Structures are given as structure tokens and as C-alpha cells.
Amino acid sequence: MNRPDFAKITAWVFDLDNTLYPPDYNIAALIDVRITQFIVCHLKLSRKEAFELQKTYWRKYGLTLIGLMKKHRINANDYLEFTHDIDIDHIKPNPALQNALARLAGAKYIFTDSTRQYAEKIIHQLGIAEHFDGIFDICDADYTPKPAKQIYEKMLTRFGLMPQQVAFFEDIARNLAPAHALGMRTIWLRWPRDNNADKARPYYDMQAHADSANAPQTHIDYIIEDLVAFLDNLTDNK
């Protein structure tokens, strides 16, 4: 794979979870537990029934929330507030990432299937909040998750970006396909495999990464395993 030309890139768009921090923080599992708890409380199901319904809706709609909204008239804000109310004190500041982002010329944005409030908590915990110019969250996307192409277009419009001038970083390979189709530079952050960490991840997260590992690579311009090293290399060679 040829190294893409970043000379014309003026904006850098980053996925949040498992991209700006490593998967060994196991944040997805914490949210997964909260989703099950929400369904138990609101639909009066057993934990086993709630977990099965949660995964059924995730497989069918791409987000458990969509199934709950369609089938049970669950309020999206109530769901998102509850499921993202997790303890993230174990996430540590990342000075190396802070420095890499500070040296990276251009606007920087977060494009996430999570909420703005949650994203703000994460980037403050990492110590990188000052480097971002905007966040496009699941509410901005009208509760439509990646990789629906229309939300990539909406994100670009929201921030006034030309796709040919955007580099997009993601940890799930399939989510890069619409970005590539629109003309963005695509970088897949493929974390080194850790079998023990995989066992700790919730089903949906493991499945997404399994799909990524088997995905065709034609929509990926660059595959990396270290975000900071990649960003440092870009700035060192300018």
C-alpha cells in the first residue's frame, strides 16, 4: 500500500472510542453493562432477556437504541445519558498524544457514535480537549450510526470541510468505506491483537473488530498500530 499524500490535508477527523485511547481501558464493556441495566429497568426484563434483546437490536439496527426507539418508544436522551454515565477515572492523561496533536497543523474534529458530553469527558481525561475544534455525535447524526454514508456527508457539511482535504482515523475498518468513497484519506488504527483483552470485550465490539480484520482493504489508505507514532512521523516529515 502506497503512503497517502497528506500535503493537502487541512482537517483531521478522529473516531473517539478505541481510537484516541486504547481498547485495554475496556470502556465499551462498561457501556455494555449500562445498556443491559437500562433495558432491565425500563422493560422489566431479566438480565438474560435484556442482554439478548440488546444484541438482537444491535445486529438488526446497528445501535441498540434504534430498536428501543422503534419498538418501545424509549426516549433517546434518557438512554444515552444513562448508558454513558460510567466511571472513566482509570483513563490517564496522554502527554505524547497531547504533543502530537499540538504539532499537527490544521483543524481537528471528533466523529463519534457516542454523545458529545461523553466525548468531552474522555478528551478532558486524556488532556487533549484544547486541540479539538468540534464534535459530531450520535445526536447530530439523528441517531444513525456509522457507516451510513449520509452522516459522513452531514459531518462534513457541519464543519464546512472538503472531503479531499480531510484525513479520517478509525479503529473499525468498515467505518472507513464511506469516508474513502467521499474522497477522504482513510487511516485504520489496527491495535495489536491481545487475546485476553478480546475476551473482556462485549459481543458487539468483538464482532466489529472481527469484521474489520476480514474487510477488504481497498477503502483504507493506511494501516497503523500506533496513533502517536504516525502523527509524529507526519509532523517530522513536513
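**Strand pairing and cores**

Tutor: In this predicted model, V13 has Y109 of β2 as its bridge partner.

Student: How do strand β1 and β2 run, and how many bridges join them?
Tutor: Strand β1 covers residues 11-14, and V13 is bridged to Y109 in β2. The two strands run parallel, and the number of bridges joining them is 4.

Student: Which residue of β3 does F111 stand opposite?
Tutor: β2 also pairs with strand β3, residues 134-136, in the parallel sense over 3 bridges. In β3, the residue opposite F111 is F136.

Student: What handedness does the unit of β2, helix α6 and β3 have?
Tutor: Helix α6 spans residues 116-126. Together with β2 and β3 it makes a β-α-β unit, and this unit is right-handed.

Student: Why is strand β2 largely enclosed by the rest of the structure?
Tutor: Buried here means under 20% relative accessible area. Strand β2 is residues 107-111, and it is largely enclosed because the number of its 5 residues that are buried is 4.

Student: How many residues are in the largest nonpolar core?
Tutor: Residues with the most contacts inside this core include W12, F14 and I27. I27 touches D17, Y21, I86, I88, H90, I91 and Y118, leaving aside residues up to four places away in sequence. The largest core has 52 residues.

Student: What percentage of the protein's residues is buried?
Tutor: The protein has 238 residues, with 11 helices and 6 strands. The buried share of its residues is 51%.

Methods: Residues are numbered from 1 along each chain as its sequence is written. This is a predicted model: local features need pLDDT of at least 70, side-chain atom pairs count only at pLDDT 80 or more; totals for chains, interfaces and linings use all residues. Side-chain values use heavy atoms; hydrogens and water are left out. A nonpolar core is a set of buried Ala, Val, Leu, Ile, Met, Phe, Trp, Tyr and Cys residues joined through side-chain atoms within 4.5 Å. Buried means under 20% relative accessible area, exposed over 50%, partly exposed in between (1.4 Å probe, protein chains only). Contact means heavy atoms within 4.5 Å. Two strands pair if DSSP finds at least two bridges between them. A crossover is right-handed if, with the strands pointing away from the viewer, the path from the first strand over the helix to the second runs clockwise.
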